[in-house]
Amino acid sequence: MKHIIIFKPKKNMSKSKIYIIWVLVMLSSINYAQHTDQINSNRPGVSMSAFAVGKSVIQIETGVYGIHENHTLLAYDAVGYGADLTLRYGAFMERLEVVANLQYQNADYNTTFRSTNKSGLKQTVLGAKYLIYDPFKNYEKKINVYSWKANQKFNWHQLLPAVSLYAGANFTMKNNPYSFSPDATISPKIMLITQNHLGDGSWVFVTNIIADYVTTDFPSYGYAITLTKGINEKWSGFIENQGYKSDFYSDAILRGGAAFLLTKDMQIDASVSTNFKDTPTVLYGGVGFSWRYDANYKEVRMELDQGGRKKSKSEKKAEKKDKKRKDAIE
């Protein structure tokens with residue numbers, strides 16, 4: 001949700017105070033808007049943010065990567081490449097987002113005696129995410145125009161995370177080389193998502209708690225923790241830890257990278273991933289691109305009084321009546 005603050009100052013307030021209040025309120029509003037002025041992509045990490053893209057907004061996040069694996073016990077090397085695509089659409093309301101994830105991978109597995117190739121859709125997931133709690137809804141940070149020090153105090157409210165729930169389904173094709181079963185299957189995927197905006201809002205901390213393939217013979221349970229830092233208006237960097245455990249495959253991966261904003265609706269990124277074991281060792285490197293189409297998005301306007309409080313419907317009606325009465329007198 002994008003909040004545009006309309007500040008109505010008192011007549012005897014100085015222009016400098018009005019300007020200071022307007023800038024500070026606008027900055028706090030922009031940091032915690034659901035639909036942001038600039039694209040907010042989940043790339044280049046794998047964690048999912050708590051906020052939706054906004055009603056009627058379409059967002060595409062895609063990338064290509066190279067992979068190298070070496071397995072000590074099975075004595076094989078694997079070299080290959082892959083591509084992933086995420087489609088996000090803000091459906092019906094601000095809080096709801098429909099998400100489709102596709103990942104294709106092609107790799108050659110070489111041992112001393114033979115070579116094999118694996119190629120196919122490693123992941124096909126369709127689901128939806130819903131924001132169930134937004135700590136900044138109807139909340140505005142109080143600004144002290146007389147004290148810079150007071151405005152720099154730690155804001156305990158930022159420890160309250162935004163919370164979303166995700167539910168989806170994995171579609172696995174028959175004879176998929178990356179599946180634990182040769183049969184075609186449909187299995188659920190559920191996720192709890194939290195997101196905190198820390199400090200001045202340039203730090204974002206996201207956690208995902210994941211239950212995947214839960215109705216199959218090899219359910220997987222995992223997490224993803226991502227810390228992102230906005231370096232300046234164009235650049236941001238991130239570090240991420242991802243872990244998952246199942247009887248089929250378990251791993252812990254460390255990932256890092258950066259993103260660059262081309263325009264307010266386009267972003268490019270690059271990342272590197274590795275793990276901490278040798279069964280197998282894994283090294284990924286990739287680049288990506290994100291694009292947003294929000295021409296059909298309608299802004300949500302919020303009016304505040306001089307104290308930074310959201311005006312009630314009765315107050316707005318009273319203001320309209322008072323304005324009509326004054327216009328009639330004039």
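1. Let's start with glutamate 97, which counts as buried because its relative accessibility is 0%. Please keep in mind that this is a predicted model. Where does glutamate 97 find a partner for a salt bridge? One partner is arginine 88, and the closest N and O atoms of the two are 2.8 Å apart. Like glutamate 97, arginine 88 is buried.

2. Glutamate 97 also meets the side chain of lysine 129 in a salt bridge, at 3.6 Å from N to O. Glutamate 97 sits in strand E4 (residues 96-110) and lysine 129 in strand E5, so this pair ties together parts that are 32 residues apart in sequence. Lysine 129 has a relative accessibility of 1%, so lysine 129 counts as buried too.

3. For contrast, look at aspartate 265 and lysine 264. They form a salt bridge with their closest N and O atoms 3.0 Å apart. Is each residue buried or partly exposed? Aspartate 265 is buried, because its relative accessible area of 14% falls under the 20% cut-off. Lysine 264, at 45%, is partly exposed. Elsewhere, salt bridges with shared partners link Glu61, Arg88, Glu97 and Lys129 into one network. A search of the whole structure finds nine salt bridges.

4. Now step back to the overall fold. How many strands close into the barrel? There are twelve, in the order E2-E3-E4-E5-E6-E7-E8-E9-E10-E11-E12-E13, with antiparallel pairing. On average, neighbouring strands of this sheet are turned by 20° against each other, direction ignored. Glycine 66, for example, has tyrosine 81 in E3 as its bridge partner.

5. Next come the nonpolar side chains. The largest nonpolar core has eleven residues, including Met48, Phe51, Val99, Leu131, Tyr166 and Ile210. Strands E5 (115-133), E6 (162-172) and E7 (185-198) each supply at least two residues of this core. Apart from it lies another core of five residues, among them Tyr76, Ala78, Tyr109 and Tyr178.

6. Which residues does methionine 48 contact, leaving aside neighbours within four places in sequence? They are Asn42, Val99, Lys129, Tyr166, Met191, Ile193, Val206 and Asn208.

7. Finally, the aromatic rings. The structure holds nine aromatic pairs. Tyrosine 76 and tyrosine 109 make a tilted pair, 5.5 Å centre to centre with 55° between the planes. Tyrosine 76 belongs to strand E3 and tyrosine 109 to strand E4, so the pair ties together parts that are 33 residues apart in sequence. Tyrosine 76 counts as buried at 14% relative accessibility, and tyrosine 109 counts as buried at 12%.

8. Phenylalanine 180 and phenylalanine 218 form a tilted pair as well, because their planes stand at 55°; their ring centres are 5.1 Å apart. Where do these two residues lie? Phenylalanine 180 is in the loop between E6 and E7, and phenylalanine 218 is in the loop between strand E8 (203-212) and strand E9 (220-230), so the pair ties together parts that are 38 residues apart in sequence. Phenylalanine 180 counts as partly exposed at 25% relative accessibility, and phenylalanine 218 counts as partly exposed at 27%. Together with Tyr213 and Phe248, Phe180 and Phe218 form one aromatic cluster.

Technical notes
Residues numbered from 1 in each chain as written. Predicted model: local features only at pLDDT ≥ 70, side-chain atom pairs only at ≥ 80, totals over all residues. Heavy atoms only, no water. Core = buried A, V, L, I, M, F, W, Y, C linked by side-chain atoms within 4.5 Å. Buried < 20%, exposed > 50% of the residue type's maximum accessible area, 1.4 Å probe, protein only. Helix = DSSP H or I, 4+ residues; strand = E, 2+ residues; numbered from the N terminus. Contact = heavy atoms within 4.5 Å. Pairing = 2+ DSSP bridges. Axes fitted to C-alpha atoms, helices over the stretch in contact; angles between N-to-C directions. Salt bridge = Lys/Arg side-chain N within 4 Å of Asp/Glu carboxyl O. Phe/Tyr/Trp six-rings, centres within 6.5 Å; stacked < 30°, edge-to-face > 60°.
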